[in-house]
Amino acid sequence: MPVLSVPDSKSPRLTELPPLGLYIHLPWCIRKCPYCDFNSHAIHAGGDFPESEYVAALKQDLELSLPLIWGRPVTSIFFGGGTPSLFSAAAIDAILSHVRMLLPLALGAEVTLEANPGTWETKKFIDFHSAGINRLSVGVQSFNSRHLQALGRIHDSTEASRAIELALQHFDNINLDLMYALPDQTEDEALQDIETACSWEVSHISAYHLTIEPNTPFHRYPPKLPGEDVSADMQIMIEQVLAARGYRHYETSAFALPGKSCMHNMNYWQYGDYLGIGAGAHSKISFREKIIRQMRHKHPRQYQEQATTANACLENLLATTQEVGPQDRVFEFMMNALRLTDGFDPGLFHTRTGLTVASIQKLLTEAEQRGLIDWQHDRIQPTSDGRRFLNDLLEIFLPEPGSRTST
């Protein structure tokens, strides 16, 4: 494999800073799903969780982080979890009011909140919209009650449909999350799920292949999943159905009507910046002379204590800090940008990493010779084989061992 050739400098200088998103992690859920490896925590039997204390911690976290992003406008905000829709509209409003007070929001900033059916009522939709949420991402996963039960979801198919019906009364920008290759799922059942999702005519649909992650109940007790050939057929079928209904397949698992791509996720995939606040949240922040990654402490109690103590400081909130060196920048950029169907402009690679395309010419040549990318002067994009065998494509850009620096 060709060796990555980059400048000797540990920190290639950036000519401009990328767009900045804000991710806010709300870690509680009613019940932990057996496939989930996110930093989420089931609430107590009584249904209580420390909402006001956690909101106070988020506010302090944001204030402590200001020196890293001072003066930069926020292009998008994303409330993820957990189940953010468990939080009251008043709590979401308090968080967003604090954000607006401290940070400039770009005109038309996208503000997304993840929601699960079963945690909704009509007034919550109205109040979330009034608080400033302008995009909902509804975690349906399936419209088949048997599969929802196998996935450990707290809603059934009727509740899923009712939640979407209510959401459409108050929001015109909605994403539905679906999963396929579920335990004992047939291709006909996967087809029924995607056709049901299309029937709602929402602006965005995300369709994820169920994967078995380490440290999950599904990893310890694997369910019976469809074979690779069946799963591949499901994927092709889903892509064909969505294309026929006007959804553009713009990213590996994302499909959108014209003009409705997820702004926040597009910023991730184009190697933009994001500040992550909340328990376990990740950040990527660029400066002219360096790029850093951070992760907050995962456990909500430890995070809250560190954030609200009298002598709180940002360093005490962080579990890890890492400066992103040249080789890591190459891999991280490719890991994100090559998920996009349209790939990227070579100029974007230089702007976001500080490196030139010439510095990775041998790697690009290998990828092109293997039929995994199409390399034109104004566009580098994965081929159909590159999208299908994305891991093989990304392996070409893996950094050499020992190239990372972390604290």
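**Figure 1. Ser 286 in strand E12.** Ser 286 sits in strand E12 (residues 282-286). Helices (H or I, at least four residues) and strands (E, at least two) are DSSP runs, numbered from the N terminus. The model is predicted: local features need pLDDT of at least 70, side-chain atom pairs count only at pLDDT 80 or more, and totals for chains, interfaces and linings use all residues. Residue numbers start from 1 along each chain as its sequence is written, and side-chain values use heavy atoms, with hydrogens and water left out. Ser 286 counts as buried because its relative accessibility is 1%. Buried means under 20% relative accessible area, exposed over 50%, and partly exposed in between (1.4 Å probe, protein chains only). Not counting residues up to four places away in sequence, Ser 286 touches Leu 14, Leu 17, Pro 18, Arg 72, Asp 273 and Ile 291. Contact means heavy atoms within 4.5 Å.

**Figure 2. Lys 224 in a loop.** Lys 224 lies in the loop between helix H7 (217-220) and helix H8 (228-244). Lys 224 counts as exposed, at 63% relative accessibility. Beyond neighbours within four places in sequence, the contacts of Lys 224 are Leu 182, Pro 183 and Asp 184.

Figure 3. Strand E6 (residues 135-141) is mostly covered, with seven of its seven residues buried. In a regular strand the side chains alternate between the two faces of the sheet. On one side of E6, Arg 135, Ser 137, Gly 139 and Gln 141 are buried; on the other, Leu 136, Val 138 and Val 140 are buried. Two strands pair if DSSP finds at least two bridges between them. Strand E5 (residues 105-115) runs parallel to E6, joined by four bridges. Thr 112 stands opposite Arg 135 in E6. E6 and E7 also run parallel, with five bridges. Here Ser 137 faces Asn 175 in E7.

**Figure 4. Nonpolar cores.** A nonpolar core is a set of buried Ala, Val, Leu, Ile, Met, Phe, Trp, Tyr and Cys residues joined through side-chain atoms within 4.5 Å. The largest has 73 residues, and Phe 79, Ile 133 and Leu 136 have the most contacts inside it. H1 gives the largest share of this core, eight residues. Outside four places in sequence, Phe 79 has contacts including Ile 24, Leu 26, Ile 95, Val 111 and Ile 133. A second, separate core of 27 residues includes Ile 360, Leu 363, Leu 364 and Ile 380.

Figure 5. On a 1 Å grid over the protein atoms alone, a cavity is a set of points where a 1.4 Å probe fits but cannot get out; lining residues have an atom within 4 Å of a point. Grid points are joined across faces, edges and corners, and a volume is the space filled by probe spheres set on the points. There are two cavities of 30 Å³ or more.

Figure 6. Leu 58, Lys 59, Leu 62, Ile 95, His 98 and Ile 277 line it. H1 supplies the largest share, three residues.

Technical notes: 1 Å grid on protein atoms, 1.4 Å probe; cavity = no way out; pocket = protein on both sides within 12 Å on 5 of 7 lines; lining within 4 Å.
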